[in-house]
Amino acid sequence: MSTIIFKDTKKNLEALKKKGTYRYAVDSDVPIDTKLAYVTADKKQFIYRIIISSVEPYTESTELLEKKKTDLKSVLAVERVDSIDPIPLSEFRKSKKRLKEFSDFETVELPTIKMVEKATYVDTLSPGITEIMAIASAKKLELSVSVAEKLAHYKEKLSPENFSKLLDRIGVDLDTKKIDPHEAVGIIAAQSIGEPGTQMTMRTFHFAGVREMNVTLGLPRLIEIVDARRIPSTPSMTVYLKPEFEESEEVVMNVVKELENTTILDVADIITDITEMTLTIKPENNKMKERLVNNSDLLDALAKMKGITVLSDKESKEIIVKPQQESFKRLYQVQEQLKVQTIKGIPGIKRAIARIDQATSKWILYTQGSNLKEVLEIDEIDANRTYTNDIIEIAQVLGIEAARNSIFNEALRTLSEQGLEVDQRHLMLVADMMTFGGSVRAVGRQGISGRKSSVLARAAFEITTKHLLRAGLLGEVDPLTGVAENIIVGQPITLGTGAVNLVYRLNKK
Amino acid sequence: MGKFNVLQHDLVPEHHLVPKKEEDKVLNELGIAKDLLPKISRSDPAIKALEEIHGPIESGTIIKIVRKSPTLGYSVYYRAITSEVFK
């Protein structure tokens with residue numbers, strides 16, 4: 001069974017969609033066993049899927065829709081046409097390689113990854129531990145796995161009776177350590193992160209480097225995480241290789257080449273000649289060598305660009321480019337396009353550095369710049385371990401739960417790198433709060449504090465007049481359930497003992 | 001749609017669908033109404049991956065998330081699917 005992709009106009013497809021089951025004539029030789037076709041209108045995003053029942057050679061007939069007037073070769077018996085969520089071109093593969101470009105028609109393979117759920121962690125625990133956890137949960141005790149592991153040792157030594165007593169004692173201890181209901185955990189978390197934060201300001205406001213690469217650390221990084229910035233100031237990825245390639249230097253260097261995004265400006269000078277209306281590209285040999293690019297790569301990259309004529313042949317060193325339309329505006333546009341034209345690599349990745357991990361003597365790649373989605377599609381890398389420090393990107397590619405884990409990990413790492421010990425539970429609370437609504441939200445005016453339901457609480461935080469005026473216009477009601485609003489009106493706050501209401505029932509008994 | 005299974009990534013915890021029958025039990029245990037649960041978008045990559053396994057998932061379905069926790073070993077969290085799509 002084969003799958004095809006082709007380019008067509010939206011108008012044609014909408015007409016075909018209305019017809020339902022119909023026949024459609026196309027201008028290319030479609031393999032007989034084709035069952036699926038994906039259609040794009042702009043050569044980038046595929047927005048229609050056609051389910052095909054059979055393919056015949058073209059014969060003239062009135063009972064069919066034609067893609068073009070001339071050159072028709074095959075007729076697709078269409079079962080139905082669906083509009084689908086846009087699929088980018090790179091999702092399709094041809095002879096196991098990702099498609100990067102395509103002409104009007106192509107036979108492709110669909111990715112055949114089978115989706116499976118993650119193995120259940122609880123099942124991986126040893127039976128001894130699950131047994132202890134079961135006994136504990138029968139006593140309404142929430143034991144942690146590490147405590148259960150320690151208890152396994154005692155379970156063998158003690159009689160069931162004594163073991164039960166031991167668990168009861170642990171239960172009493174755990175109860176005293178639990179946080180009280182209506183305790184202001186948020187405030188405690190804020191103080192616990194804030195206090196060591198002050199020490200950070202004094203000690204570091206600098207960068208600390210991984211060889212030639214800079215990664216923001218310390219307070220600026222912590223602020224970045226909590227503010228949920230769209231793009232961090234130093235986006236960086238950690239790329240792991242599949243176990244079989246981890247020790248091969250050759251593969252590592254190839255992956256580095258595949259990763260690093262090299263533009264024309266990286267390896268050559270671009271000179272504008274206004275009198276001749278041409279642009280001259282002067283390749284610099286040492287830069288070309290460093291980036292592992294040769295002249296034909298450069299010409300290939302130029303061939304992808306539209307609206308230009310390349311005037312020089314393969315032999316000459318300099319390449320002269322002339323815009324097809326002669327105007328200064330166009331000349332300027334072409335120059336700007338040339339500067340960012342990619343020769344190879346993944347957009348967004350400025351540099352990739354391979355390092356051997358001293359402890360395990362395995363290669364790990366670090367990149368400057370981040371593009372998680374495309375890096376995960378490289379065949380040699382271990383997609384399950386590779387990650388980026390751009391939290392918003394993680395939320396988009398891996399989902400909100402991965403973003404929560406990533407906020408927690410990044411914040412914890414930033415603090416512990418400075419030698420500051422903050423209890424992990426505080427950071428978990430912050431991470432949970434930031435991802436509560438299904439997207440990553442900043443702490444502060446734009447995020448969590450700005451979305452409180454109470455007007456008075458919002459007004460007490462920032463931009464007082466805006467919130468009060470808006471509430472007045474819309475007639476908002478404040479039920480006074482929070483803390484800030486109760487302080488404003490002078491009532492006991494709804495925390496701790498203030499959160500408990502006593503009701504006296506007169507008629508009881 | 002993808003060549004990479006999001007659910008297998010180290011950063012992504014286990015996502016499980018909670019069957020309709022068990023929803024009340026879960027909500028009772030938590031003592032909370034469904035609309036007060038934390039949210040997860042319908043367009044979330046993890047939900048899309050679950051849809052490929054289980055077929056279309058309605059919004060309002062509760063997702064049980066089992067996280068690895070450095071303090072407890074593992075911890076259970078619930079999110080309800082919203083139709084909201086975040087950019």
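Select A:N486, which lies in helix α19 (residues 484–489) of chain A; helices (H or I, at least four residues) and strands (E, at least two) are DSSP runs, numbered from the N terminus. This is a predicted model, in which local features need pLDDT of at least 70 and side-chain atom pairs count only at pLDDT 80 or more, while totals for chains, interfaces and linings use all residues. Residues are numbered from 1 along each chain as its sequence is written, and chains are lettered from A and ligands numbered from 1 in the order in which they are written.

A residue is buried if 20 or more other C-beta atoms lie within 10 Å of its own, exposed if 12 or fewer, and partly exposed in between, with C-beta atoms placed from the backbone. Leaving aside neighbours within four places in sequence, A:N486 is in contact (C-beta atoms, placed from the backbone, within 7 Å) with A:L480, A:Q491, A:P492, A:I493 and A:T494.

Next, select A:V375, A:I391, A:I394, A:A403, A:I407 and A:A411. These touch the most other members of the largest nonpolar core, which has 56 residues. A nonpolar core is a set of buried Ala, Val, Leu, Ile, Met, Phe, Trp, Tyr and Cys residues joined through C-beta atoms within 7 Å. Helix α15 (residues 400–417) of chain A gives the most to this core, 7 residues.

Go to chain B and show its strands. An open sheet of 4 strands has the order β1-β3-β4-β2, with mixed pairing; two strands pair if DSSP finds at least two bridges between them. β1 (14–17) and β2 of chain B stand at the edges, each with a single partner strand, so one side of each has no neighbour in the sheet. β2(B) and β4(B) run parallel and are joined by 3 bridges. B:K39 is opposite B:A80 in β4(B).

Last, show both chains. The contact takes 35 residues from chain B and 35 residues from chain A. On the side of chain B that touches chain A, β2 (39–41), α2 (45–54), β3 (62–69) and β4 (73–82) of chain B each supply at least two residues. The largest share, 5 residues, comes from α2(B).

Conventions. Contact = placed C-beta atoms within 7 Å.
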